[in-house]
Structure formats: C-alpha cells, structure tokens
Amino acid sequence: MQRLWQRGIWHARNENLEAAQACFESILARDPKHGPARFRLSMIAARRGRFEEAVAMAEQILVDDPNRPEVLAHLARCHLLAGDLDLSRQTAERALATPAQDAVVIDSLAVVFTQLGDLPRALNLFDQAIARQPDQASLHYNRAIAFRGDGQPEEAERDLEVCLTLNPLHSKAHWALAGLHRVTPEHNHLDRLRRLEQATAAANGTDELVSLALFKELDDLGKNDEAWAALTPILQRRRAAAGQGQHGTDTDALFGALIRHCDAAFLAPAALASQGQTPIFVIGMPRAGIALLGRQLGRHSQVRASGTRVGFARQLRRQLAISGMRPFDAAMVEASLGTDFAALGERCRDILAKESQGKAFVCESQPMDFLMAALIARALPEARFLHVVRDPLDTCLSILTQPGNEVLLPQQDAEAIASFHVGYQAWMQHLHPLISGRILDVHYESLVEKPEMVLRVVCAFLGLRYESSLREGPALHKRRIGRSRAYAGPLAAAKKRLQSALAGP
C-alpha cells in the first residue's frame with residue numbers, strides 16, 4: 001500500500017486527479033478505514049467542485065476520529081465553498097478548539113475566516129501561524145492578502161516582501177505587490193521582475209503572473225510599448241490553450257439560451273417577501289468596478305457587504321446537483337428552468353439573514369452574476385440590481401491584463417473579449433425592460449468623477465438615506481478612465497468588433 005500511497009500523492013501534486021483517485025480508492029479497497037486515503041479523496045472531490053461529496057467524506061472520517069484539526073479545517077473550507085457559511089464558521093471554531101494545531105492548520109483556518117469576512121479574527125490567526133513557522137513564505141502571503149482586504153496596504157507590502165525574501169519565485173506575491181500601489185520611477189520592482197521573467201523564460205517558459213505584474217508596472221510608468229511586449233507571450237500561450245479546447249464554453253449559445261428562455265412570462269411579477277433583508281446584487285462585466293461599488297455601499301450603516309459569500313450561483317448549482325467547477329452554460333440555463341425557485345429563494349434568504357449582522361440590506365458583488373440575473377430575479381423578487389457599466393474597450397483591456405481565472409471569459413485576445421462583451425450587452429438590453437424598476441445602471445466613469453452625486457442616486461433607488469460614510473476610504477482615481485487609448489494599435493480589432501455591433505446588422 002505504501003507504493004500506492006506514494007503514487008497517489010505524486011499524481012495529485014501533478015494535477016492528475018483521475019490517477020490519484022484510483023490509487024487512493026485502491027488503498028480503501030484493501031483497508032476501508034484508511035483515514036489518510038479517505039482524506040485525500042475528500043480533497044480531490046473538493047478540487048473537482050463536488051463539495052457535498054467532499055463534505056460527506058470528511059464527516060465520515062470524523063466519526064472515527066472527531067478531533068483531527070486538519071480534517072476539520074478542510075471541512076470548514078468545503079462548507080464555505082458549498083455556500084454553508086454558518087456550518088463553515090462552526091466547523092472552524094471546532095477546529096480551533098482541538099489540541100496540537102500546527103502552523104498549516106492555523107493558516108488554513110485563517111484563510112477560511114478571511115473568506116468569511118472576519119478579518120480581525122483571520123489576522124490574529126495568521127499571527128499565530130507565523131509565530132510557529134516564520135520561515136514559511138505562503139503564511140506571509142496569506143496574511144498580506146488579509147491585510148489588503150482590511151485596507152492596510154503598508155502591512156500587506158511588508159508581508160509580501162518577506163514572502164519574496166523567503167521564496168523569490170512566489171509569483172502570486174509578485175502579482176499582488178504590483179497591484180498594491182501605482183508605481184513611480186523612484187519606487188518600482190521592474191529590475192526584479194525583469195530578472196525573474198528572463199530566468200523563467202530560460203527555464204520553462206512564461207510565468208503569467210510575473211509577466212502580468214511587469215505589464216502593470218510598465219503601464220503605470222507610461223511605457224506602453226514595453227508593457228504590451230511583456231503581455232504578448234501570455235496572449236500567445238492563452239491562444240494555444242484555447243486552440244486545444246481548454247476554453248470550450250459556447251458563449252453564443254449561452255446568451256442565446258438566456259434571451260430565448262428568460263422572457264416576460266418567466267419573470268412574471270411574483271409576491272414580494274414581506275420581511276427580512278433586501279438583497280442587492282452588484283453585477284456587470286468583470287473589471288467594470290463591481291467590487292468598488294460593493295465596498296462603497298458596505299460603508300452604509302444599513303448595508304452589509306458580503307462580497308461573494310452569499311453565492312447565488314453556488315446555491316443554484318447545489319439545488320441542481322451540478323458540480324461547482326462546471327461553467328454556467330446553455331444546458332445549465334435550460335436545467336434551471338424547472339427548478340423550484342421558491343425553495344431556492346428561501347435557501348438564499350436564510351443565508352442572507354445569517355450574513356446580515358442585523359442590517360436591512362445585504363450586498364453581493366459578483367460580476368458574472370449578470371448571467372444569472374433573471375434567475376435571481378425569479379427566486380428573489382425583492383432583490384435589487386446595480387448594473388455597473390464601463391467603457392467597453394477599457395473593460396476589454398482590463399480583463400486581458402488580469403490572470404485567466406474566469407473560465408467563461410475568452411481571455412486569449414482582445415477581440416474575443418469584445419465578442420463576449422457584445423453578447424453581454426445584448427443580454428442586458430433584453431433583461432432591462434423585464435425587471436424595470438428593480439435595476440439601475442451605474443456608470444463607472446461617473447462614479448469615479450462624481451462619486452457623491454452617483455451614490456445619492458444609488459441610495460434613492462435602494463430606498464436608503466444617503467450617508468457621508470459612503471465617501472470614506474481611499475480616494476478614487478481617474479487614471480484608469482480611457483486607459484485603452486494608449487493601446488489603440490493592439491486593440492484595433494476589438495474596437496472594430498464593438499463598433500460593428502453598435503452599427504447593427
């Protein structure tokens with residue numbers, strides 16, 4: 001069994017989950033009570049988005065050994081990914097009550113509390129983990145991300161530099177550091193990034209995060225030709241991956257299914273919930289300013305900003321028994337039509353109530369929720385939508401220069417993103433009259449240039465009294481408005497695609 005175990009670990013580390021699963025299942029066939037093999041199978045299920053299966057496996061392990069902190073930490077994360085926020089908190093607390101916790105377990109629990117929005121608790125746990133293992137680079141990186149989320153960029157920068165001292169190849173830290181501030185000729189990381197990019201290219205090709213960090217800093221300094229040159233190898237690799245079918249979702253079919261099925265009859269007025277929290281969904285294209293507006297609303301005394309924790313998409317997938325890793329596609333639209341929207345709405349309201357901290361509004365800021373806006377409106381008739389709109393070409397450029405984490409977005413070139421944007425615009429134009437009075441367009445450029453005026457309009461739409469606290473926080477900068485003009489040449493095809501859609505057939 002030792003050889004099977006070693007092979008399973010090797011396959012798991014190399015992302016060959018099928019082979020890893022086969023090894024661990026072979027171990028269980030010989031020893032059904034083998035806890036480590038069951039734990040690894042639970043981890044594989046979670047990585048595949050099968051969160052309820054992962055939860056069931058972890059809970060079975062705990063029947064035999066109820067005080068295993070690493071299993072409890074994993075279970076807390078699985079509950080979080082499945083959208084069970086209360087169970088995630090309870091399980092994390094249970095893990096903290098067990099003896100003999102090591103730095104890795106404490107760090108895992110700190111990440112859970114970060115994602116639950118309890119940043120003070122998370123930061124305290126990160127401190128404990130680092131005190132136990134100060135030479136572990138990943139611990140400093142994770143604490144930096146929590147500091148960043150807590151509005152402490154100087155502390156985040158300090159931890160990221162420590163992380164890179166311990167592990168100079170930590171590409172996530174390079175990317176996070178580049179995004180903390182606008183760099184200047186006097187304070188930047190260009191030399192370090194260039195050396196690392198050259199070394200990486202000589203060894204095994206391009207590291208996307210390092211190249212994106214280099215693009216961002218060169219762009220900050222107005223070195224646009226050099227910035228685009230840094231981006232070009234990334235786009236070539238993305239196009240190669242797309243050619244191999246790694247981004248195979250048919251978005252034309254998806255938008256077609258939404259427009260075809262989500263009509264006036266589907267969204268016929270339903271009785272509003274008579275009590276409880278009012279959900280606000282901030283939607284729009286990624287990189288359009290969704291998180292920005294969500295954070296600003298969260299400063300209102302009656303609004304609880306939940307980020308992406310409520311997770312309507314997770315609750316829908318759970319009700320449809322569909323893997324959390326599967327992209328939202330035309331088949332899922334059709335499968336959703338027959339779901340019990342009343343039950344789905346009640347499940348979401350229960351989560352909203354627990355997440356609200358007693359506030360009247362709960363705000364979810366998830367860009368790709370625009371695809372599910374009609375389903376949200378059907379399940380939650382009381383929901384309000386703030387649709388953030390940004391200059392299309394600026395949006396395309398911003399998406400292009402971010403890590404390729406969103407499987408639905410064709411991030412291999414600007415023209416492909418522009419085509420997706422055309423489908424998005426057609427869908428939103430179809431949806432607007434169907435939920436008139438429940439949706440408000442918020443223009444990113446106006447929000448940045450005239451924040452108080454726009455936020456007063458938003459408050460009036462939501463039925464909230466405007467509060468000066470909405471203007472607190474870092475100053476909004478206009479430098480990203482019209483950013484795409486500096487890359488007119490490389491973005492010419494995308495601009496043409498967007499203009500042809502406006503011109504019509």
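Five of the five residues of strand β3, which covers residues 361-365, are buried, so the strand is largely enclosed by the rest of the structure. The model is a predicted one, and the protein in it has 25 helices and five strands.

- Strand β1, made of residues 278-283, pairs with β3 in the parallel sense, and the pairing runs over five bridges.
- Thr-278 is the residue that stands opposite Phe-361 in β3.
- Strand β2, made of residues 303-307, also pairs with β3 in the parallel sense, and this pairing runs over four bridges.
- Gly-307 has Glu-364 of β3 as its bridge partner.

**A closer look at Glu-364**

- Glu-364 has its place in strand β3, and its relative accessible area is 2%.
- Because buried means a relative accessible area under 20%, Glu-364 with its 2% counts as buried.
- The C-alpha atom of Glu-364 is separated by 10.0 Å from that of Arg-295, although the two residues are 69 residues apart along the chain.

**The protein as a whole**

- A compact globule of 505 residues would have a radius of gyration near 23 Å, and the protein has 23 Å, so the value agrees with that expectation.
- Taken along the principal axes, the box filled by the C-alpha atoms of the protein is roughly 65 × 60 × 45 Å.
- Of the 505 residues in the protein, 50% are buried.
- Among the contacts in the protein with a separation of 6 or more, 70% are accounted for by residues 24 or more positions apart.
- The protein exposes about 23,000 Å², and carbon and sulfur atoms supply 50% of this area.

- Thr-395 lies in helix α21, which covers residues 392-400, and it is buried, with a relative accessible area of 1%.
- When residues up to four places away in sequence are not counted, Thr-395 touches Met-285, Pro-286, Arg-390 and His-421.
- Thr-91 is found in helix α6, which covers residues 85-96, and it is buried as well, with a relative accessible area of 8%.
- Leaving aside its neighbours within four places in sequence, Thr-91 is in contact with Leu-72, Leu-75, Ala-76 and His-79.

- Glu-70 is found in helix α5, which covers residues 69-82, and its relative accessibility of 28% makes it count as partly exposed.
- Apart from residues up to four places away in sequence, Glu-70 touches Phe-39 and Val-105.
- The C-alpha atoms of Glu-70 and Gly-404 are separated by 30 Å, and these two residues are 334 residues apart along the chain.
- Ala-335 has its place in helix α18, which covers residues 330-336, and with a relative accessibility of 38% it counts as partly exposed.
- The C-alpha atoms of Ala-335 and Ile-322 are separated by 10.0 Å, and these two residues are 13 residues apart along the chain.

**Two loop residues with positive phi**

- Glu-15 lies in the loop between α1 (2-13) and α2 (17-30), and at 55% relative accessibility this residue counts as exposed.
- The phi angle of Glu-15 is near 65 degrees, which is a positive value in a residue other than glycine.
- Gln-357 lies in the loop between α19 (341-355) and β3, and at 57% relative accessibility this residue counts as exposed.
- The phi angle of Gln-357 is near 55 degrees, which is likewise a positive value in a residue other than glycine.

How values were computed: Residues are numbered from 1 along each chain as its sequence is written. This is a predicted model: local features need pLDDT of at least 70, side-chain atom pairs count only at pLDDT 80 or more; totals for chains, interfaces and linings use all residues. Side-chain values use heavy atoms; hydrogens and water are left out. The radius of gyration is taken over C-alpha atoms; the globule rule is 2.2 Å times the number of residues to the power 0.38. Buried means under 20% relative accessible area, exposed over 50%, partly exposed in between (1.4 Å probe, protein chains only). Contact means heavy atoms within 4.5 Å. Accessible areas come from the Shrake-Rupley method with a 1.4 Å probe; for residues, only the protein chains shown count as cover. Two strands pair if DSSP finds at least two bridges between them.
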